[in-house]
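Here is a short tour for anyone meeting this model for the first time. Have a look at the sequence and the structure, then read on.

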Amino acid sequence: MLAIFIKTIPFFGVIALGYIAGRTKFFPEDATAYLTKFVFYFALSAMLFRFSASLSLSEILDWQVVFAYLAGSVVVYFIATFVALKRGESMQVTAVEAQCAVIGNVGFLGIPMLVLLLGEQSIGPNMLVLSVDLIVFSSLIVILINGTRDGGLSLKVFKSVGLGILKNPMIVSISLGLMWSATKQPIPDVLDSFLALLGDAATPGALFAIGASLARKSAERVQIASWLSFCKLVLHPIAVAGFALFVFDVNSFDAAVIITASALPVAGNIYMLAAHYGVAPQRVSASILLSTILSILTVSFVAGWMTSL
């Protein structure tokens with residue numbers, strides 16, 4: 001575990017640097033927003049396209065991996081939902097809390113970190129995790145929030161959800177990469193160098209942006225944030241491990257990848273959704289902050305346990 005922890009220190013070190021820059025206002029809020037946009041639309045997209053262009057759909061599409069991760073996530077999603085409803089929360093707040101319990105920072109933190117810890121073979125299972133998060137759960141929270149508001153669900157809501165998936169740069173870049181891979185043509189050297197140069201900016205840019213954005217997160221609702229962090233960092237990897245290792249026939253390497261991905265801290269894009277709809281943004285903010293701090297230890301522990309597989 002110590003060796004894994006030492007390998008993760010540079011990642012969390014860049015996050016800490018971003019946090020300091022944001023906290024001291026050296027890196028203002030507008031700068032963080034634009035850096036996040038650059039990483040999301042350009043650097044991360046280039047990295048994902050380049051990775052997926054070297055793979056084929058048949059190589060990465062393993063339904064056992066998809067079902068194991070989805071089943072584990074659904075179990076934790078229902079646990080968080082039950083607890084929130086038992087506490088008397090509205091369905092909108094419940095949907096946001098359940099989202100925090102199962103959606104980790106796979107795109108910005110997980111893919112680059114797991115490539116370092118587990119190798120480039122981890123990209124395929126990681127993309128499946130990312131796809132389930134974006135297609136299933138990111139759609140579900142929008143449907144639940146809109147479905148319980150005045151007017152309920154409408155064709156417009158489902159159209160918005162569908163367009164959101166189709167326009168998501170991570171989904172687009174992975175799809176385009178797989179389409180390129182299907183042609184069996186190598187990426188031209190000039191284009192490959194361009195994508196490599198741009199993609200190399202994804203990891204430091206994403207980590208710095210995570211830290212800078214954490215500088216503006218509050219520590220309110222600590223009790224609820226602690227529970228949601230426990231769900232995300234402990235219950236989620238345990239549930240996914242149970243299904244991957246004992247229910248579905250997932251090979252040990254892919255199991256290690258999706259279990260470690262399940263141990264990642266709460267994703268920052270949940271805060272953007274919560275703020276957009278005006279539903280419990282403070283507790284989401286606190287959950288992101290607390291889970292990211294605790295993940296310095298928990299991710300190292302889970303990754304160390306998984307490398308033994």
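Sort the lining of the second largest pocket by class and you get 14 nonpolar, two polar and no charged residues. Here Ala, Val, Leu, Ile, Met, Phe, Trp, Tyr, Cys and Pro count as nonpolar, Asp, Glu, Lys and Arg as charged, and the others, Gly among them, as polar. A pocket is an open set of points on a 1 Å grid over the protein atoms alone, where a 1.4 Å probe fits, with protein on both sides within 12 Å along at least five of seven lines; lining residues have an atom within 4 Å of a point.

Of its 16 lining residues, the closest to the centre are Leu61, Met127, Leu128, Ser131 and Ile135. Helix 7 gives the most to the lining, with six residues. Helices are DSSP runs (H or I, at least four residues), numbered from the N terminus.

## About the model

This is a predicted model, where local features need pLDDT of at least 70, side-chain atom pairs count only at pLDDT 80 or more, and totals for chains, interfaces and linings use all residues. Residues are numbered from 1 along each chain as its sequence is written, and side-chain values use heavy atoms, with hydrogens and water left out.

## Helix 4 meets helix 12

The axes of helix 4 and helix 12 (residues 222-246) come within 8 Å and cross at roughly 145°. Those axes are lines fitted to C-alpha atoms over the stretch in contact, and angles run from 0 to 180 degrees between N-to-C directions. Contact means heavy atoms within 4.5 Å.

Thr81 is buried, with a relative accessible area of 14%; buried means under 20%, exposed over 50%, and partly exposed in between (1.4 Å probe, protein chains only). Leaving aside neighbours within four places in sequence, Thr81 is in contact with Thr94 and Ala98.

## Tucked-away spots

Why is helix 13 (residues 252-262) largely enclosed by the rest of the structure? Because nine of its eleven residues are buried. The cover over those buried residues includes helix 4, helix 6 (106-118), helix 7, helix 12 and helix 15 (281-307).

Val106, in helix 6, is buried too, with a relative accessible area of 2%.

Definitions and conventions:
Helices (H or I, at least four residues) and strands (E, at least two) are DSSP runs, numbered from the N terminus.
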